[in-house]
Amino acid sequence: MAGWHWQTRAVGSTGNQQPTTNSPPVKVVVLGTGSLGKEHARIYSELAAAGLVEFAGVHDLAAESARKISEKYRVPAFGSVAEAADASGALSVVTPTTTHFELTRMLLQRGRHVLVEKPMTEDAAQAAELIQLSQQHQCVLQVGHVERFNPVFKYLETVATEPRFIETHRLSPYPARSTDIGVVLDLMIHDLDVALAFVKSPVASVDAVGIPVLSKSEDIANARLRFANGCVANLTASRVSPERLRKIRVFSAGPMTSYISLDYRAQEGFIYRIARQGEEESSLLKKLLKGKDSTIVSEFGGKRIVREPVPLRKEEPLRLELQHFIESVRARQMPLVSGESAKRALDLAFEITRQIQLGSPHDFQ
């Protein structure tokens, strides 16, 4: 694309970049003021207070919902999507999945930059059309796979350099939102996106199972992915759980063989590895005094194993995601979670839902 220099930046680059003196803050609008849209509005308001964006307003078909948010943050509540687009350069589309394609297509055709929440669209053809439109109109198209901005994922990328087995659990009580889609597109798609970005190898085969419990589509699902490089990922998602859980466990080969257990929600966890030369075994007293954050060295089968807390700086992933979107718009750079990247996770999610509906696993090409 002439005049554009698409470069993907690391997650760690978000959050500290100020607008250049020659470029005014990006004008941004939130479409959809439901449970997640409210959070987008809150963060844009905070970014506006810091001079990083101009929060230009909100729009929602539920006028009363939009009015409350507009009054809270002292921004306009637009009467239509067209008005919102005319008043902005970039928009967050935080509406039901069934509306994503039409809204995003219209905005891209008007030359607006878009962050559309996951899942990107209802089918692969729609996703491909949005990608083509973003390229044609030289617009940033980012998809809301927020876990890519979680410090947990950044840590995994730097430490678990050769993942061989990945296990994820993403559980929640039955939601008041996103009931128009199944649990694969609602919850598991986060872990599909992470696995594809993390393993960096084509998926060779998929085996999936799931059942509906409270809705017409699957509410519990499990998928086993085998990658071309031999890595295996076992993903479980449920939205009929009594507890909320978002965890990932990774066995990694390479220079430092390790087992890593991390909690996305708490942004904490432990790494288990072979002890380095000179590390001493912790006494029981040291373990009791230092508590769970102590480094523990134990001996198993003649080898000494260390368990230590992972060094994570806790940050709000959604804030990092929205900052990255604004930075990508300002710099005209391809975002970390581009339309192309999100489509790969979407294609895989569609194959998993197909298998669940038909009960027929096969190789994934």
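Trainee: How many residues does the protein have, and what share of them count as buried?
Mentor: There are 365 residues in the protein, and 53% count as buried. Keep in mind that this is a predicted model.

Trainee: What about the accessible surface of the protein?
Mentor: That comes to about 16700 Å². Carbon and sulfur atoms hold 52% of that area.

Trainee: How many helices and strands are there?
Mentor: The count is 10 helices and 15 strands.

Trainee: And what share of the contacts links residues 24 or more positions apart?
Mentor: Take the contacts with a separation of 6 or more. Of those, 70% are between residues 24 or more positions apart.

Trainee: Sheets next. What is the strand order in the open sheet?
Mentor: The order is 2-1-3-4-5. Five strands form this open sheet, and the pairing is parallel.

Trainee: Which strands stand at the edges?
Mentor: Strand 2 and strand 5 (141-144) do. Each has a single partner strand, so one side of each has no neighbour in the sheet.

Trainee: How much are neighbouring strands of this sheet turned against each other?
Mentor: By 20° on average, with direction ignored.

Trainee: How many bridges join strand 1 to strand 2?
Mentor: Six, and the two strands run parallel. Strand 2 covers residues 53-59. For a pair to look at, Val 30 stands opposite Val 58 in strand 2.

Trainee: Is strand 1 mostly covered or mostly open?
Mentor: Mostly covered. Strand 1 spans residues 26-31, and five of its six residues are buried.

Trainee: Other end of the sheet. How many bridges join strand 4 to strand 5?
Mentor: Four bridges, again with strands that run parallel. Strand 4 is residues 113-117. There, Val 116 stands opposite Val 143 in strand 5.

Trainee: Switching to helices. At what angle do helix 1 and helix 9 cross?
Mentor: Roughly 65°. Their axes come within 10 Å. Helix 1 is residues 35-49, and helix 9 is residues 317-331.

Trainee: Is that crossing left-handed or right-handed?
Mentor: The crossing of helix 1 and helix 9 is right-handed.

Trainee: Which residues meet there?
Mentor: Helix 1 brings Leu 36, Glu 39, His 40, Ile 43, Tyr 44, Glu 46 and Leu 47. They meet Leu 318, Arg 319, Leu 322, Gln 323, Phe 325 and Ile 326 in helix 9.

Trainee: How do the residues of that contact divide into nonpolar, polar and charged?
Mentor: Eight are nonpolar, two polar and three charged.

Technical notes: Residues are numbered from 1 along each chain as its sequence is written. This is a predicted model: local features need pLDDT of at least 70, side-chain atom pairs count only at pLDDT 80 or more; totals for chains, interfaces and linings use all residues. Side-chain values use heavy atoms; hydrogens and water are left out. Axes are lines fitted to C-alpha atoms, for helices over the stretch in contact, and angles run from 0 to 180 degrees between N-to-C directions. A crossing is left-handed if the near helix is turned anticlockwise from the far one by less than a right angle, and right-handed if clockwise. Contact means heavy atoms within 4.5 Å. Ala, Val, Leu, Ile, Met, Phe, Trp, Tyr, Cys and Pro count as nonpolar, Asp, Glu, Lys and Arg as charged, and the others, Gly among them, as polar. Buried means under 20% relative accessible area, exposed over 50%, partly exposed in between (1.4 Å probe, protein chains only). Accessible areas come from the Shrake-Rupley method with a 1.4 Å probe; for residues, only the protein chains shown count as cover. Two strands pair if DSSP finds at least two bridges between them.
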